[in-house]
Amino acid sequence: MNRRKLSQNAAFSLFWAAGIMSVLIMAVVVGYVLVKGLPGISFDFFTTSPRGGLSGEGGIYSTIVTTFYLVVVTLAFAIPPGVGAAVYFSEYSGSTVGSLTGKLVNLARFGVDTLAGVPSIVFGLFGYAVFVTAMNLGFSILSASMAGACLIIPVIIRTTEDALESVPSGYREGSLALGANRWETTWKVVLPAAFRGISTGILLSAGRIVSETAIFFVTLGGSYRVPHSLMSGGRTMALHVYYLAMETRAFDRAMSTAAVLVGLVVVMNLGINTITGRITGKQR
Amino acid sequence: MSTRNYSLFYGGFKALNRISIQIPSNRITAFIGPSGCGKSSFLRSFNRMNDLIPGVTTEGEVCIDGRNVADEDVVQLRKKVGMVFQRPNPFPKSVFENVAYGPKLHGVKNRSDLAVVVEKSLKRAALWDEVKDDLHKSGMSLSGGQQQRLCIARAIAVEPEVILMDEPASALDPVATLKIEELMNELKANYTIAIVTHNMQQAARVSDYTAFMLTDENRAGNLIEFGTTKQIFTTPSDTRTEDYITGRFG
């Protein structure tokens, strides 16, 4: 009895310590960035563009604009095929089990799972070789967003498929039994019911675009100017942090930019929490 | 509604064995029998819900209004043959949108026409008085019994001729069950109702006719006996029916 109590207490302490540890690590990292970065943040910091050069002077205006454009264009490329593929896998491929199409579907699923684990720089190299060089699109938002779309499509497919599969089959049966066809059922019942799960996946993907650097280093270039078209190069905030830290003397500005990034990530995660919180709230 | 020598296979497995039955209109017919005897599969044959399962094949025929359901357009068939499921499955939409879903599918666009259909259907499903004050609250926020009546209203809204009920009260408490049973009694004036139930008392209470099903030595479902509920429950002609009714197995 005593031994059991002892092992229970030991286990409890270990898990407790592990929990404290993870919170502590996060607090130290975020705290350090905020302490170092916040003092450099002012209104001007958001409204002026980097001046370039070794000094690293200037703000982050153009990098905010670039980040925003890149996220929007990438999502525009990635959502239709991502959600579409997931709808096919989840809602339509069921009747193909055992057939040749069924085997292709399994192959495609395997491909998606594999792609989701490929390091982002590989997509970067692919984007550099195909979009930047072969298609002659240069370092541009267009090249970068297509490469970025390759990176997040597997993520969107997986999260959307999960969201669709968590929709109770009773909804589908209820709709089909009323004379709806598969598409009407998917469009009017299943997709709305999965909407929150799907938006969570999309927000996570947007976060990925905000935070990735390597893939955009080789597709977006590093121009610090405000982009004026899809063919403009640019640098995202994350990329700007990298440039400031490695190629200028303005380490403090890198920290400030990082602090803004951290703030953005926190806001996005809050958004995700609100969405998923509503799920648990509404579905009892 | 009838079937002739109707068999159903899941891949190579025969689940229903040559079932022939004539289901009377505007009456409640109950299908009873132990779990796995194929009563649900049989019920789902009338609106071809089994089509959704890969590998299902059939032999013989299922007819509604003298027409083979296999030859009918499945959309029109399911408009004619409504279904209520074991677990209440309202859509995560408002009460109004749940009931209006079917009519919208079948072409009713006008908002006021929809409102008329919704009110009529909810009244017929004996739910109107409980929800009329807030038709825009979520169908999911209703109690289990209310949800099931909402599903009945949703089925009625497309004006079917037949309503199939697959253990419609098995997930409900006794009070809600009683309400559903009373409702069925009112509905039979306008609809032909077929109900699957594992609850013999329920079959005895609500149905006019009872069909008893049982699996044979190959685990295929067979129709053992069909007759008026009174006859089945008082003077069954088959000893297996008698054994089941009296609780000797099942």
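Two residues are in contact if their C-beta atoms, placed from the backbone, lie within 7 Å. Keep that cut-off handy for the exercises below, and remember that this is a predicted model.

**Exercise 1. Find which residues B:Phe46 is in contact with, leaving aside its neighbours within four places in sequence.**

Step 1. Apply the 7 Å cut-off to the C-beta atoms.

Step 2. Check the confidence. Chain B has a mean pLDDT of 93, and 100% of its residues reach 70 or more.

**Exercise 2. Describe how chain A is built: how many helices and how many strands does it have?**

Step 1. Count the elements: chain A has 11 helices and zero strands.

Step 2. Look at the extent. The C-alpha trace of chain A spans about 70 × 65 × 30 Å along its principal axes.

Step 3. Ask how much is tucked away. Of the 284 residues in chain A, 37% count as buried.

Step 4. Look at the contacts in chain A between residues at least 6 apart in sequence: 73% of them join residues at least 24 apart.

**Exercise 3. Work out where helix 5 of chain A has its kink, and what its buried residues pack against.**

Step 1. Get the length. Helix 5 covers residues 120-134, and its 15 residues reach 20 Å from first C-alpha to last, close to the expected 21 Å.

Step 2. Find the bend: a kink of about 35° is centred on A:Gly127.

Step 3. List the buried residues of helix 5: A:Phe123, A:Gly124, A:Gly127, A:Phe131 and A:Val132. They pack against helix 6 and helix 9 of chain A.

Step 4. Go just past the end. Helix 5 is followed by A:Asn136, which has a positive phi, near 60°.

**Exercise 4. Say which helix of chain A gives the most to the side that touches chain B.**

Step 1. Count both sides: 17 residues of chain A are in contact with 20 residues of chain B.

Step 2. Pick the helix. Helix 7 of chain A gives the most to that side, with six residues.

Step 3. Sort the chain A side by class: nine nonpolar, six polar and two charged residues.

How values were computed. Residues numbered from 1 in each chain as written. Chains lettered and ligands numbered in written order. Predicted model: local features only at pLDDT ≥ 70, side-chain atom pairs only at ≥ 80, totals over all residues. Helix = DSSP H or I, 4+ residues; strand = E, 2+ residues; numbered from the N terminus. Buried ≥ 20, exposed ≤ 12 C-beta atoms within 10 Å, placed from the backbone. Nonpolar A, V, L, I, M, F, W, Y, C, P; charged D, E, K, R; others polar. pLDDT = per-residue confidence, 0-100. Expected span 1.5 Å × (residues − 1). Bend = angle between axes of the 7 residues up to and from the residue.
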